[in-house]
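User: I'm new to this one. Can you walk me through it?
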Amino acid sequence: MNVFSSTLNQTAFLFSFIVLGFLFAKYKVIPENSGTVIAKLENTLFVPALVFNTFIKNFTVKQFESAWKILAVSLVMIIVIMPLSMLISRCVTKNKYEQNIYTYGLAFSNFGFMGNAVVNALFPDIFLEYIIFTLPLWTMIYLWGVPVLLIADCDGKQTLRKRLKAFINPMFFAMIVGSIIGLSGLRLPAWFESVVSVSGDCMSPMAMLLTGITVSSISMKKTFTDMKIYTVSIIRLVIIPLVFLLLSPYLHLSRTLFICALCSLAMPLGLNTIVIPNAYGKDTSVGAGMAIISHLLSCITIPLIFALIL
């Protein structure tokens, strides 16, 4: 019951903002360029603030000395998942841009906002370990997921110059600076930490508003009848967690590592497939559809997955 209510509360919270964004855009309560403005704010302020805040608080020498195994397991997990995600996406669609979106969605779940909420509600004793577990995932998002899949041009062969240029973005800069501050133990002014923390908290609500605004301009019928989106969502929410559950007896993981890995794998598709492409003028209809359908389905799949282990 705790799993169900926690997941339902988070999903209801997220969907409230989707509905608001949809209604505001549909009835022209907000200007037509609101989606572009919100996407720019997300890309240059809210997402970088979330990344920066995560690293300055968790990227410490002391925690890393005692958590190397957690980091190693997380890193191996994402390294295994990335090529599998690319292979699956190529089987689902031949469109290169859609392949990138599906690859990102399969490789990186909403382990941040949704994952943090579920773990904090159900397993508060390992919340810190879960935050540490997600650090390699955040790192790969901003080293590979965002610059290669969501930002870089996907028409034609990508040159080394284009790839390097894609790395120069606010999220990557925030990760590097946050890592340096975290390792150094430098204390920032309280008012500045509050600005960063509050800005990071805006990321998910604003992303869902953006989802609603984006959805208002696309065909809902097409979104809810697109079998490719359902296929990717089912693989992300059901197949991947179940495969992990089947393999877990042979992996000899501690309870903490097992729960951390399962929580990160069982969450719905992330929101960056809307936020980042929108800021760069790319199509967000597929990402918006994935966000809506996967978060709806997760109300059923997350309780069922955790019911198998609790």
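Analyst: We can go through the cysteines, the aromatic pairs and the nonpolar core. Keep in mind that this is a predicted model.

User: Cysteines, then. How many disulfides are there?
Analyst: The count is 0 disulfides.

User: Is Cys 260 buried or exposed?
Analyst: Cys 260 is buried, at a relative accessible area of 1%.

User: And Cys 299, how far is its sulfur from the closest cysteine sulfur?
Analyst: The distance is 16 Å, again to Cys 263, so a bond is ruled out. Cys 299 is buried too, with a relative accessible area of 13%.

User: New topic. How many aromatic pairs does the structure hold?
Analyst: There are 8 aromatic pairs. One of them joins Phe 13 and Phe 17, with ring centres 5.2 Å apart. Their planes sit at 70 degrees, so this pair is edge-to-face.

User: Where do Phe 13 and Phe 17 lie?
Analyst: Both are in helix α1, which covers residues 2–26. They are 4 residues apart, about one turn of the helix. Phe 13 is partly exposed at 35% relative accessible area. Phe 17 is also partly exposed, at 23%.

User: Which pair comes next?
Analyst: Phe 52 and Phe 192 make an edge-to-face pair, 6.3 Å centre to centre with 85 degrees between the planes. This pair links distant parts of the chain, as its residues are 140 residues apart. Phe 52 belongs to helix α2 (residues 34–58), Phe 192 to helix α10 (residues 190–201).

User: How accessible are Phe 52 and Phe 192?
Analyst: Phe 52 counts as buried at 10% relative accessibility. Phe 192 counts as partly exposed at 30%.

User: Now the core. How many residues does the largest nonpolar core have?
Analyst: The largest nonpolar core has 96 residues. Those with the most contacts inside it include Phe 108, Phe 123, Trp 144 and Phe 306.

User: Which helix gives the most to this core?
Analyst: Helix α7, residues 127–151, gives the most, with 15 residues.

User: What is Phe 108 in contact with?
Analyst: Leaving aside neighbours within four places in sequence, Phe 108 is in contact with residues including Ile 78, Leu 137, Met 140 and Ile 141. Trp 144, Gly 145, Arg 236 and Gly 270 are also among them.

Notes
Residues are numbered from 1 along each chain as its sequence is written. This is a predicted model: local features need pLDDT of at least 70, side-chain atom pairs count only at pLDDT 80 or more; totals for chains, interfaces and linings use all residues. Side-chain values use heavy atoms; hydrogens and water are left out. A disulfide is a pair of cysteine sulfur atoms within 2.5 Å. Buried means under 20% relative accessible area, exposed over 50%, partly exposed in between (1.4 Å probe, protein chains only). Rings of Phe, Tyr and Trp (its six-membered ring) pair if their centres lie within 6.5 Å; planes under 30 degrees apart count as stacked, over 60 as edge-to-face and the rest as tilted. Helices (H or I, at least four residues) and strands (E, at least two) are DSSP runs, numbered from the N terminus. A nonpolar core is a set of buried Ala, Val, Leu, Ile, Met, Phe, Trp, Tyr and Cys residues joined through side-chain atoms within 4.5 Å. Contact means heavy atoms within 4.5 Å.
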